[in-house]
Amino acid sequence: MSTTVPSSGPAAPASAGAPDTHEAVADSVYASDTPARRGPLRTASWGADPYANALRTGRGPLFLRRSDGWLLPLDVERWCSDAGSADLSALHRCEGPVLDIGCGPGRLVAELASLGHRALGIDVSEAAVARTRGLGGAALLRSVFDPLPGEGRWGTLLLLDGNIGIGGDPAALLDRAADLLGAGGLLIAETAPVDLDERVRVRLDDGRGGPDGRTAPVAAGDEVAEPFLWARIGTPALLRHARTGGWRTADQWGAEGRTFVSLRRPERERSARTSSQSAESANSAPVISSQLPR
Ligand SMILES: C[S@@+](CC[C@H](N)C(=O)[O-])C[C@H]1O[C@@H](n2cnc3c(N)ncnc32)[C@H](O)[C@@H]1O
């Protein structure tokens, strides 16, 4: 997403009907469809089938569907391609070992490895992690809010393609990022190229017209894309949040219509929560030493 999408301008209205109609249809479909008849439905957010299917084929359509019915197109084709010049403008600013948060199908991790960086991708989607590893990149199936290897020692964190929206609370994500970085570490974030600061409730939608964005027909074993919180934020608002959290602005730039900022980690005590997570992850993380920052 991006810059991808969310950012690149106004969201497109859902093509079919009012959101309330979709929700009502979906509710009635699910209410009348017993698990015994349909089989258990698995639920997930980014782990859901629409995202996995898009990564498997390397193409959309794929949208984040806001609860008011607006569709935010996701740039699956770009994510599944090689890194482009705007990506490179961010990657060339990376310092030390790099953690790509929400690595998706892995173009950035693969490019970083070819540039000689020690890089690890993390993602909550199995399909994304598998595809990243398929490109030869290191990746873990892990949320950014889970215990992670190398906490407090990463040189650079990447939050590109709209990933500053993860969790729907950029200030909380900045806080978590500060705990992951080493002293003087760099956070590179892509922002929406318009001045906005919004938190939205969304679900993945493959645009195939299933009720409430669910792929139709719903079959046994299908995953239902469950709603989750997401944020879209432009540079001015991100810099405001960053200043409040004690971050220093290192750089701001644009490339190919995408906008980026880099921020220096605040000098502050690590949170107690993260100190204990750090110890826990050092003991239990299933990673090889080459995935850890030195
Ligand atoms: C907007 S897409 C970005 C795609 C990616 N940057 C790329 O190059 O293809 C958001 C990505 O973040 C992942 N994600 C969502 N929540 C996450 C979390 N809490 N921790 C880690 N990754 C997450 C999603 O699975 C998805 O791959």
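**Close-up views of a predicted model**

By class, the shell around the ligand has 14 nonpolar residues, seven polar ones and three charged ones. The model you are looking at is predicted.

**View 1. The ligand is surrounded by 24 residues.** Start with the closest of them, which are Trp46, Trp79, Gly102, Gly104 and Asp161. Then look for two elements of the chain: helix α6 (107-114) and strand β6 (119-123) each supply at least two residues of this shell.

**View 2. Helices α8 and α9 pack at an angle of about 50°.** Here you can follow α8 through residues 170-180 and α9 through residues 235-244, with their axes 10 Å apart. On the α8 side, the contact is made by Pro170, Ala171 and Leu174, while α9 brings Leu238, His241 and Ala242. Sorted by class, the residues of this contact are five nonpolar, one polar and no charged.

**View 3. Helices α3 and α7 pack at an angle of about 20°.** Look for α3 at residues 49-57 and α7 at residues 126-134; their axes lie 8 Å apart. Because angles under 35 degrees count as roughly parallel, α3 is described as roughly parallel to α7. Where the two helices meet, Tyr51, Ala52, Leu55 and Arg56 come from α3, and Ala127, Ala128 and Arg131 come from α7. This contact divides into five nonpolar residues, no polar ones and two charged ones.

Definitions and conventions: Residues numbered from 1 in each chain as written. Predicted model: local features only at pLDDT ≥ 70, side-chain atom pairs only at ≥ 80, totals over all residues. Near = placed C-beta within 6 Å. Helix = DSSP H or I, 4+ residues; strand = E, 2+ residues; numbered from the N terminus. Nonpolar A, V, L, I, M, F, W, Y, C, P; charged D, E, K, R; others polar. Axes fitted to C-alpha atoms, helices over the stretch in contact; angles between N-to-C directions. Contact = placed C-beta atoms within 7 Å. Parallel < 35°, antiparallel > 145°, perpendicular 65-115°, else oblique.
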